[in-house]
Amino acid sequence: MTNAHHRKARGDAGIHVAVIMDGNGRWAAARGLPRVAGHSEGAAAVRRTVESAPTLGIGTLTLYAFSSDNWKRPAREVAALMRLFRKHLASETPKLIENGVRLTIIGRRDRLAESLQRAIAAAEDATREGRRLHLRVAIDYSARDLLVRAASRCDPERLPDREAFAELLGEAYGGGEPARDVDLLIRTGGEQRLSDFLLWECAYAELCFLECMWPEFGEAELGEAVEWFHGRQRRYGGLVTAAAG
């Protein structure tokens, strides 16, 4: 059994891949389309990625859908994004259930419309038994803000160790699970920065920056990135076994 197939069999124990889905607007502009058309096409890329992830040994997939800084965008674009998210939440939840995908939304919820908050809670509840893939979608998310929030929960008399702090971080951003290290971070769109995404979890992540825009991303691109990841030597500050000997 190959490593990828072994990870697939273990479900959530597979690798954790995080994706900064960048380039929707530029993809649309290059085709003379409105930005919202790029976001719609980007939703199709999300579907392709979620469907192919388990077969590539991915147990957890975290997608950066809407950062806290994105509230600065034009109100019409933000409203369109929220409508699109609500629409796909309704249409995709049955498919997630059918395919054994558990959905968790991370980030703030208090600034979302109450109807969207209820829809999120319902989708999370409906998919809670999924074991084939844990899909986490970051909405109104800021890693810096969450680090500050988690730090504020610390006991001033006793600093937590890393494991305890990961639990605090998990509580701070929703989902109720300790923050899990990212193995592979992918960013599309040609930019090479983290943009306030999973800063704690990406401490030892392999970083893969792609020129393709997010609407162009699919199973082939994800597979190539995962294959590249498995070819990396992950030393975590130590030495490769052969060299250490």
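Student: In which sense do S1 and S2 pair, and over how many bridges?
Tutor: This is a predicted model, and what follows is computed from it. Strands of a sheet pair through backbone hydrogen bonds, either parallel or antiparallel. For S1 and S2 the sense is parallel, and the number of bridges is six.

Student: Which residue in S2 is the bridge partner of Ala18, and which one in S5?
Tutor: S1, residues 15–20, is also joined to S5, residues 184–187, by four bridges, and these two strands run parallel. On the S5 side, Ala18 has Leu185 as its bridge partner, while Val19 stands opposite Ile186. On the S2 side, the partner of Ala18 is Thr62.

Student: In what order do the six strands of the open sheet lie?
Tutor: The pairing in this open sheet is parallel. From one strand to the next, the twist averages 20°. The order is S3-S4-S2-S1-S5-S6.

Student: Which strands stand at the edges of the sheet?
Tutor: An edge strand here has a single partner strand, so one side of it is left without a neighbour in the sheet. The two strands in this position are S3 and S6 (206–209).

Student: Which helix packs on the sheet by touching S2, S3 and S4?
Tutor: The direction of this helix makes about 165° with that of S2. Its contacts with the sheet are to S2, S3 and S4, and the helix is H3.

Student: How many of the six residues of S1 are buried?
Tutor: In a regular strand the side chains alternate between the two faces of the sheet. In S1, Ile15, Val17 and Val19 point one way, and His16, Ala18 and Ile20 point the other way. Both sets are buried. S1 is therefore largely enclosed by the rest of the structure, and the count of buried residues is six of the six.

Student: Which element gives the most residues to the lining of the largest pocket?
Tutor: The largest pocket holds about 1,100 Å³ of space and is lined by 50 residues, with Met21, Asn24, Val46, Tyr64 and Ala65 nearest its centre. Elements that give two or more residues to this lining include H2 (24–29), H3 (35–52), S2 (58–67) and H4 (75–98). By class, the lining divides into 24 nonpolar, 12 polar and 14 charged residues. The element that gives the most, with 10 residues, is H4.

Student: Which element supplies the largest share of the lining of the largest cavity?
Tutor: Rolling a probe the size of a water molecule over the atoms shows where empty space is left. Across the whole structure, a search finds two cavities of 30 Å³ or more, and the largest cavity holds about 40 Å³. Its lining includes Ser68, Gly107, Arg108 and Asp140, and S4 and H6 (143–152) each supply at least two residues. The largest share, three residues, comes from H6.

Student: How many charged residues line the second largest cavity?
Tutor: The space in this cavity is about 40 Å³. Among the residues that line it are Tyr141, Leu146, Leu169, Trp200 and Glu201, and H6 and H7 (162–173) are the elements that give two or more residues. Eight of the lining residues are nonpolar and no polar residue is present, and the number of charged residues is one.

Student: Is Pro215 buried or exposed?
Tutor: Pro215 lies in the loop between S6 and H8 (219–230). The C-alpha atoms of Pro215 and Asp22 are 8.8 Å apart, although 193 residues separate them along the chain. Pro215 also touches several residues beyond four places away in sequence, including Gly23, Trp27, Glu41 and Arg48. Its relative accessible area is 6%, which is under the 20% cut-off, so Pro215 is buried.

Key:
Residues are numbered from 1 along each chain as its sequence is written. This is a predicted model: local features need pLDDT of at least 70, side-chain atom pairs count only at pLDDT 80 or more; totals for chains, interfaces and linings use all residues. Side-chain values use heavy atoms; hydrogens and water are left out. On a 1 Å grid over the protein atoms alone, a cavity is a set of points where a 1.4 Å probe fits but cannot get out, and a pocket is an open set with protein on both sides within 12 Å along at least five of seven lines; lining residues have an atom within 4 Å of a point. Grid points are joined across faces, edges and corners, and a volume is the space filled by probe spheres set on the points. Ala, Val, Leu, Ile, Met, Phe, Trp, Tyr, Cys and Pro count as nonpolar, Asp, Glu, Lys and Arg as charged, and the others, Gly among them, as polar. Two strands pair if DSSP finds at least two bridges between them. Axes are lines fitted to C-alpha atoms, for helices over the stretch in contact, and angles run from 0 to 180 degrees between N-to-C directions. Contact means heavy atoms within 4.5 Å. Buried means under 20% relative accessible area, exposed over 50%, partly exposed in between (1.4 Å probe, protein chains only).
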